[in-house]
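Thanks for coming. I have one model to go through this morning, so let me put it on the screen.

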Amino acid sequence: MIVITAPTGNIGRHLLSRLLESAPAAGEELRVIVRDPARLPDAARGRVEVVTGSHGEAGVLDRAFEGADAVFWLVPPDASLTPYDAYSAFTLPAVKALAAHGVGHVVGVSALGRGTPLADRAGLVTASLAMDDLIAGTGVAYRALACPSFFENLLEEAASIREQGVFTDSVDAGRQAPMVAVADIAATAAGLLLNRSWTGTGSVPVLGPQDLSPDDLARIMTEQLGRPVRYERRPLDELFTTLVGFGLDEAFVQGIVDMKRAKDAGLDAGVARTPDTASPTGFEQWCAQTLKPAVLEAS
């Protein structure tokens, strides 16, 4: 029995789709925790057990983890909370439930940066690494998917790219760093959940096929979209003021700012890309298949 949290989210929906295809042949049953079962894909109906509610609630987790062998754990960050509350406090009920129900294996979505000089001052990344430590402390076999920034973050810029030919971030235009497609994260998670021969705790980097800078992204988007796209660097203090103005928790916003500052200082550069840490989806492919429709079909 594999339990999937956040099965309708960016990563979870790809993971659920993969496991619906491959879990039956492996003799695995699937159970999902979801706030709104109506959001589950049609392909899942009648094929997964559904536990309705939040995976931050003890009662929900007790039902979901009963008889479970493995869990996919993803915390959906809540910008109304402090980073500690959004990650570690949210995870505390799961820590108790994992131990109470004797779950053997957990795969969690986390971040790059562990072991680097920046790890203790990287905002949301620091909070995510602390969450990993909580889960690992239960004694389960745990693998943290150590992820860089997602290609999918650029979907939030689709309107700006369409209307102004501009996307923004706060890192240096020439700062190259790994980036990854969420589908590749899901594929790595599926492999770990289905083949549970691993033990102990550790990180599994998912780095994409190459490092990219904002200038690289702009060039590739220009080529793929057939229209000029350029990058504008946004000052961190401006980002802080804007996000707080939207009503986000100030400590959470500071966590975003600290994370972006750490990434600009090389937080994600500490792991070498090898055949084991690379993932296949390139930005050109993702741009053509995912970003281009989001930008052009709304034109």
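First, the ground rules. This is a predicted model, so local features need pLDDT of at least 70, side-chain atom pairs count only at pLDDT 80 or more, and totals for chains, interfaces and linings use all residues. Residues are numbered from 1 along each chain as its sequence is written, and side-chain values use heavy atoms, with hydrogens and water left out.

Some terms. Buried means under 20% relative accessible area, exposed over 50%, and partly exposed in between, with a 1.4 Å probe and protein chains only. Helices (H or I, at least four residues) and strands (E, at least two) are DSSP runs, numbered from the N terminus. Contact means heavy atoms within 4.5 Å. A nonpolar core is a set of buried Ala, Val, Leu, Ile, Met, Phe, Trp, Tyr and Cys residues joined through side-chain atoms within 4.5 Å.

Now the cores. The largest nonpolar core has 43 residues, and the members that touch the most others are Phe 65, Val 71, Trp 73, Leu 98, Val 106 and Ile 135. At least two residues of this core come from each of α2 (58-65), β4 (70-73), α3 (83-101), β5 (105-111), α4 (124-136), β6 (141-147), α8 (236-245) and α9 (250-264). Another core lies apart from it, with 35 residues, including Ala 23, Phe 150, Ala 189 and Leu 193.

Look at Val 71. Setting aside neighbours within four places in sequence, Val 71 is in contact with Val 3, Phe 65, Leu 98, Val 103, His 105, Val 106, Val 107 and Leu 193.

Next, helix α1, residues 10-22. Its 13 residues reach 19 Å from first C-alpha to last, close to the 18 Å expected at 1.5 Å a residue; the expected span is 1.5 Å times one less than the number of residues. Which residues of α1 are buried? They are Ile 11, Gly 12, Leu 15, Leu 16, Leu 19 and Leu 20. Seen down the axis of α1, these buried residues fall within an arc of 160 degrees, so they line one face of the helix. The arc is taken from the directions from the helix axis to the C-beta atoms. As background, an α-helix has 3.6 residues a turn, so residues three or four places apart point the same way. The cover over the buried residues of α1 includes β1 (2-5), β2 (30-34), β4, β5, β7 (149-150) and α6 (182-194).

Helix α4 is the other one. Its end C-alpha atoms are 18 Å apart, which agrees with the 18 Å that its 13 residues should span. Buried in α4 are Leu 124, Val 125, Ala 127, Ser 128, Leu 129, Met 131, Asp 132 and Ile 135. They are covered by elements that include β4, α3, β5, β6 and α9. Ser 128 has a relative accessible area of 4%, and beyond its neighbours within four places in sequence, Ser 128 is in contact with Tyr 87, Val 109, Ser 110 and Ala 111.

On to charges. The whole structure has 16 salt bridges, a salt bridge being a side-chain nitrogen of Lys or Arg within 4 Å of a carboxyl oxygen of Asp or Glu. One of them joins Glu 28 and Arg 196, with the closest N and O atoms 3.0 Å apart. This pair links distant parts of the chain, 168 residues apart: Glu 28 is in the loop between α1 and β2, and Arg 196 in the loop between α6 and β10 (201-205). Glu 28 is buried at 13% relative accessibility, while Arg 196 is partly exposed at 23%.

Arg 45 and Asp 42 also form a salt bridge, at 3.3 Å from N to O. Here Arg 45 is partly exposed at 41% and Asp 42 is exposed at 64%. Asp 120 pairs with Arg 121 at 3.6 Å, and both are exposed. Arg 114, Asp 132 and Asp 133 are linked in a network of salt bridges.

Last, some single residues. Gly 200 lies in the loop between α6 and β10 and is partly exposed at 39%.

Cys 147 is buried at 3%, and Cys 287 is buried at 0%.
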